[in-house]
Amino acid sequence: MIPTDAKRPLQLNDQGQLRHFLSLDGLPRSLLTEILDTADSFLEVGARAVKKVPLLRGKTVCNVFFENSTRTRTTFELAAQRLSADVITLNVSTSSTSKGETLFDTLRNLEAMAADMFVVRHADSGAAHYIAEHVSPDVAVINGGDGRHAHPTQGMLDMLTIRRHKGGFENLSVAIVGDILHSRVARSNMIALKTLGCPDIRVIGPKTLLPVGVEQYGVKVYTDLTEGLKDVDVVIMLRLQRERMQGGLLPSEGEFYRLFGLTTQRLALARPDAIVMHPGPINRGVEIESAVADGAQSVILNQVTYGIAVRMAVLSMAMSGQAAQRQIEQENVQ
Amino acid sequence: MTLPNPADLIRQMALDLRARLQARGIEAPRFIGIRTGGVWVTQALLEELGITTAFGTLDVSFYRDDFSQNGLHPQVRPSDLPFEIEGQHLVLVDDVLMSGRTIRAALNELFDYGRPASVTLVSLVDLNAAELPIRPDIAGVTLSLSPNERVKLIGPSPLSLEQQVVEPASSLQESPR
């Protein structure tokens with residue numbers, strides 16, 4: 001089953017500004033564009049000698065990671081630090097929960113430390129929503145990836161990558177390749193591309209790794225890589241999620257690479273100026289050939305740089321939306 | 001109140017600025033306009049001075065002191081300084097100087113790029129609100145307005161000044177429901 005976002009308004013304040021960032025589902029194009037524009041400005045900050053602005057000075061950002069991550073965690077840390085916030089990171093998977101503390105109690109304790117914002121990663125779909133519903137109302141919650149559901153900052157950094165390298169979305173063909181079934185990145189990307197007006201979104205993978213009803217995202221489904229890659233402008237490769245792979249969905253990694261690995265020959269089917277993206281960490285020789293990952297068309301490392309700028313944009317916009325909401329509520333009281 | 005024509009003010013400002021820079025022995029200063037109105041004034045001023053070198057633009061949204069109250073400006077754009085700041089003589093240009101808070105933010109941002117040798121502050125209009133100890137070195141005109149009046153620069157071409165009346169900020173406290 002594909003999770004939906006019945007509680008979508010949760011992430012917007014009364015003026016339609018971001019106050020949490022949980023999912024891209026239901027967010028208007030104008031808001032996604034505002035995130036990309038703001039991220040562009042933060043990208044300039046990242047190129048300076050002093051890569052820091054005082055926007056979130058005195059605020060505390062708490063990264064709560066119930067699931068392991070290196071890239072997402074460190075780029076969120078860097079983003080918060082470059083906004084001058086104080087940052088703490090908790091790897092909850094290795095701390096209190098193993099001593100029997102519930103999610104709810106862990107959060108109450110973090111709130112007592114006067115955190116202004118939680119960045120949450122969790123193996124269960126819907127965890128970020130649950131937390132946003134239960135934290136005190138002036139704390140912003142950012143989803144750093146929840147189960148198979150959503151990874152909205154990855155989705156937006158992918159959109160920033162595409163916009164910076166391709167100029168826009170209006171005339172693009174974008175292919176998302178690999179383990180769509182287990183991929184929250186794929187889900188966030190499909191929604192973002194649709195919202196931003198990309199006319200040709202393709203998902204390519206073996207039948208066993210395509211979610212039932214994936215067509216409802218407005219995408220074309222291919223089970224043959226050579227057919228699906230034809231004339232695309234952007235190839236987004238997904239990691240084969242070995243840790244999520246149980247119950248014989250694939251004969252073997254070798255078989256997967258033979259049919260769905262992105263090799264130099266296969267990339268030649270795409271447009272000559274096509275870019276290759278991957279959320280990382282890459283499995284060389286499993287979903288992507290080293291020559292492609294390190295090749296001229298690869299923008300995989302640019303994605304990491306853009307990720308910091310996107311996270312700075314989302315952190316500051318959510319903090320801003322929370323402040324605006326407090327103002328609205330105070331005025332209503334008066 | 002009739003507001004002066006910016007073009008006339010800028011002509012005089014160019015003369016005043018040239019005299020000031022000469023008196024201080026500053027040659028080839030770098031010009032920086034604060035987005036958006038300050039950029040327009042910079043363009044007009046450089047034209048008047050006959051200077052064609054590239055100037056910088058500064059967006060101070062990330063450095064404002066009212067983020068907690070007003071949040072992030074929705075149309076923030078990248079700052080663009082096409083030269084080194086370190087050791088340079090700078091001319092910082094804004095359209096309307098009121099509280100001085102924008103200039104405070106701009107100076108903070110500039111110092112994140114380097115340590116300038118000097119900063120000369122130029123403003124088309126000085127409203128003399130003096131919330132902070134920041135005064136322009138060169139001003140086109142100094143106006144005294146009542147607390148609910150504002151002046152806005154309309155541009156980019158032609159430039160004109162427009163008087164605006166704003167709701168007093170404390171109106172909510174003054175008229176309880």
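What pLDDT does chain B average, and what share of the residues score at least 70? Chain B averages a pLDDT of 90, and 94% of the residues score at least 70; pLDDT is the predictor's confidence in each residue, on a scale from 0 to 100. This is a predicted model, so to speak of a local feature here takes a pLDDT of at least 70, side-chain atom pairs count only at pLDDT 80 or more, and totals for chains, interfaces and linings use all residues. Residues are numbered from 1 along each chain as its sequence is written, while chains are lettered from A and ligands numbered from 1 in the order in which they are written.

For the complex, the predictor gives an ipTM of 0.77 and a pTM of 0.88. Two residues are in contact if their C-beta atoms, placed from the backbone, lie within 7 Å.

Now for chain A, which the domain assignment divides into domain 1 (8–150 + 305–333) and domain 2 (152–300); such bounds come from an automatic or database domain assignment. Taken over C-alpha atoms, the centres of domain 1 and domain 2 of chain A are separated by 26 Å. Where they meet, 25 residues of domain 1 of chain A are in contact with 19 residues of domain 2 of chain A. On the domain 1 side, the elements giving two or more residues are α1, β4 and α11 of chain A. That side has twelve nonpolar, seven polar and six charged residues. In this scheme Ala, Val, Leu, Ile, Met, Phe, Trp, Tyr, Cys and Pro count as nonpolar, Asp, Glu, Lys and Arg as charged, and the others, Gly among them, as polar.

The buried residues of α2(A) are A:T72, A:T75, A:F76, A:A79, A:A80 and A:R82. A residue is buried if 20 or more other C-beta atoms lie within 10 Å of its own, exposed if 12 or fewer do, and partly exposed in between, with C-beta atoms placed from the backbone. Looking down the axis of α2(A), these buried residues fall within an arc of 165 degrees, so they line one face of the helix. The arc is that of the directions from the helix axis to the C-beta atoms. An α-helix has 3.6 residues a turn, so residues three or four places apart point the same way. The cover over the buried residues of α2(A) includes β1 (60–65), β2 (86–91) and α11 (300–333) of chain A. Just after α2(A), A:S84 takes a positive phi of about 70 degrees.

Helix α1 of chain B holds B:M13. With 25 C-beta neighbours inside 10 Å, B:M13 counts as buried. Apart from its neighbours within four places in sequence, B:M13 is in contact with B:L45, B:V122, B:I138 and B:G140. B:M13 and B:E48 are 35 residues apart along the chain, and their C-alpha atoms are separated by 9.3 Å.

Most residues other than glycine have a negative phi, and most peptide bonds are trans. A:A114, not a glycine, has a positive phi of about 60 degrees; A:A114 is in the loop between α3 (103–112) and β3 (117–122) of chain A. Likewise, B:A28 has a positive phi near 45 degrees and is exposed, with 9 other C-beta atoms within 10 Å. The peptide bond from A:G280 to A:P281 is cis, with omega near -5 degrees, and the one from B:G155 to B:P156 is cis too, with omega near 5 degrees.

Definitions and conventions
Helix = DSSP H or I, 4+ residues; strand = E, 2+ residues; numbered from the N terminus.
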